[in-house]
Amino acid sequence: MAKKKKSWLNQHLNDGWVREAVKQGYRSRAAFKLEQLDKQDKLFKRGQLVVDLGAVPGGWSQYVARKLQGAGTVIAIDILPMADISGVEFVKGDFNDIEIQNSFADLLNQTKADIVISDMAPNISGVRDKDEAEFSDLFHSILVFIRNNLRPGGNLVVKGFEGVAAAELRHKCKRLFQTVRVRKPEASRDKSREHYLVAKGHLAQYGKQYDEID
Ligand SMILES: C[S@@+](CC[C@H](N)C(=O)[O-])C[C@H]1O[C@@H](n2cnc3c(N)ncnc32)[C@H](O)[C@@H]1O
C-alpha cells in the first residue's frame, strides 16, 4: 500500500469522530458536523421538508431523519447510489439535470423546501484556479436550485472552501438571506480548508434578488 494511502487510513481509524459514527450507527463522521451546526444554529425541527444535495453515503440524511422523528420529509439526491435510510426519499442523479429536477418537483408536489443542505464539493485537483472555477460553478448551480426550490424564509447550509470563490459565495448569500454565518464545526478537520455557510431567512420572494446577482 502506498505510504500516503496508509497514513490516511491510520488517521481515519484513529479519528474519534469515526469511532463515534460507528457507535451511533452513522454512515459517515460528517453527521457530527451537521449535528454541531444544528446545535449552534437551531436548524431542524419536526414537520420540515429538508433537501440534502449530494447525500451519499448518508450521514447528514440519517441525522436529519432522526431529528424529524417521522414528522416531516427528507429528500436526498446524489449521482451515486445510496442504501435505503428509513424516513428518507432518495433521488439518484445530478441535481442539475432537468429530469432530476422534474422528478424532484413531483416529490415536492408544488411545495418548496424549508431547508436545503449541501455537503457537495468539486473534485479538488490541487490547481488553485481550476478548483476555484469549479467551486464557483457548483455554487452557481446550488443558487439556481434554491431559487426554484427553497421557500421564502427558508434556510440554506452549504459547504465552502477558503479562497476567492468562498468570498463570492458569502457575498451572494448576503444578498439572498437575512443572516449569513460562517461556521467551522469541531468535527471538521483543522487542516481542511472547508467551512460551512449557514444562511437563514431566504429573501427571494419574487426572484428579484437573483436577477441582481446573476
Ligand atoms: C462529501 S459527500 C457527502 C457526505 C454526506 N453529507 C454524508 O454525511 O454522508 C459529497 C457527495 O456529493 C455528491 N455530488 C457531487 N456533485 C453532485 C451533483 N452534481 N449532483 C448530485 N450529487 C453530487 C457526491 O457523489 C458525494 O457523494
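Valine 50 stands opposite valine 74 in strand S2, and leucine 49 stands opposite threonine 73 in the same way of pairing. Strand S1, residues 49-53, and strand S2, residues 73-78, pair in the parallel sense over five bridges. Two strands are taken to pair if DSSP finds at least two bridges between them. Helices (H or I, at least four residues) and strands (E, at least two) are DSSP runs, numbered from the N terminus.

Before I continue, a word on the source: this is a predicted model, in which local features need pLDDT of at least 70 and side-chain atom pairs count only at pLDDT 80 or more, while totals for chains, interfaces and linings use all residues. Residues are numbered from 1 along each chain as its sequence is written, and side-chain values use heavy atoms, with hydrogens and water left out.

Let me stay with S1. Leu49, Val51 and Leu53 point one way from this strand, and Val50 and Asp52 point the other way. In a regular strand the side chains alternate between the two faces of the sheet. Buried here means under 20% relative accessible area, exposed means over 50%, and partly exposed lies in between, with a 1.4 Å probe and protein chains only.

I turn to the sheet as a whole. It is an open sheet of seven strands in the order S3-S2-S1-S4-S5-S7-S6, with mixed pairing. Its edge strands are S3 (88-92) and S6 (177-183), each of which pairs on one side only. Neighbouring strands are turned by 15° against each other on average, direction ignored. Helix H3, residues 30-41, packs on the sheet and touches S4 (113-118), S5 (150-161), S6 and S7 (194-202). The direction of H3 makes about 40° with that of S7. Axes are lines fitted to C-alpha atoms, for helices over the stretch in contact, and angles run from 0 to 180 degrees between N-to-C directions. Helix H6, residues 128-149, lies across S1, S2, S4, S5, S6 and S7, and runs at about 165° to S5.

Some single residues show how these elements meet. Aspartate 41 lies in H3 and counts as buried, at 7% relative accessibility. Leaving aside residues up to four places away in sequence, aspartate 41 touches Arg183, Val198 and Lys200; contact means heavy atoms within 4.5 Å.

Leucine 150 is found in S5 and is buried, with a relative accessible area of 2%. Which residues does leucine 150 touch? Not counting residues up to four places away in sequence, its contacts include Ala113, Ile115, Val116, Phe145, Phe177 and His202. Leucine 150 and valine 116 are 34 residues apart in sequence, and 6.9 Å apart in space, C-alpha to C-alpha.

Serine 136 lies in H6 and is also buried, with a relative accessible area of 18%. A polar contact of 3.2 Å joins the side chains of serine 136 and glutamate 168. A polar contact is a pair of N or O atoms within 3.5 Å; within protein, one must be able to donate a hydrogen and the other to accept it, and residues adjacent in sequence count only if both atoms are side-chain atoms.

Next, the ligand. How many residues surround it? There are 17, and the closest are Ser28, Gly59, Trp60, Asp78 and Asp119; a residue is near a molecule if one of its heavy atoms lies within 4 Å of it. An oxygen atom of the ligand is 3.1 Å from a polar backbone atom of glycine 58. The corresponding distance is 3.0 Å for glycine 59 and 2.9 Å for tryptophan 60. Taken alone the ligand exposes 600 Å², and the protein buries 81% of that. Accessible areas come from the Shrake-Rupley method with a 1.4 Å probe; for residues, only the protein chains shown count as cover.

Helix H4 comprises residues 59-68, and eight of its ten residues are buried, so H4 is largely enclosed by the rest of the structure. Gly59 and Trp60 are among these buried residues. H4 is followed by glutamine 69, whose phi is positive, near 50°.

Finally, the chain overall. There are eight helices and seven strands, and of the 214 residues, 48% count as buried. The accessible surface comes to about 11500 Å², of which 50% belongs to carbon and sulfur atoms.
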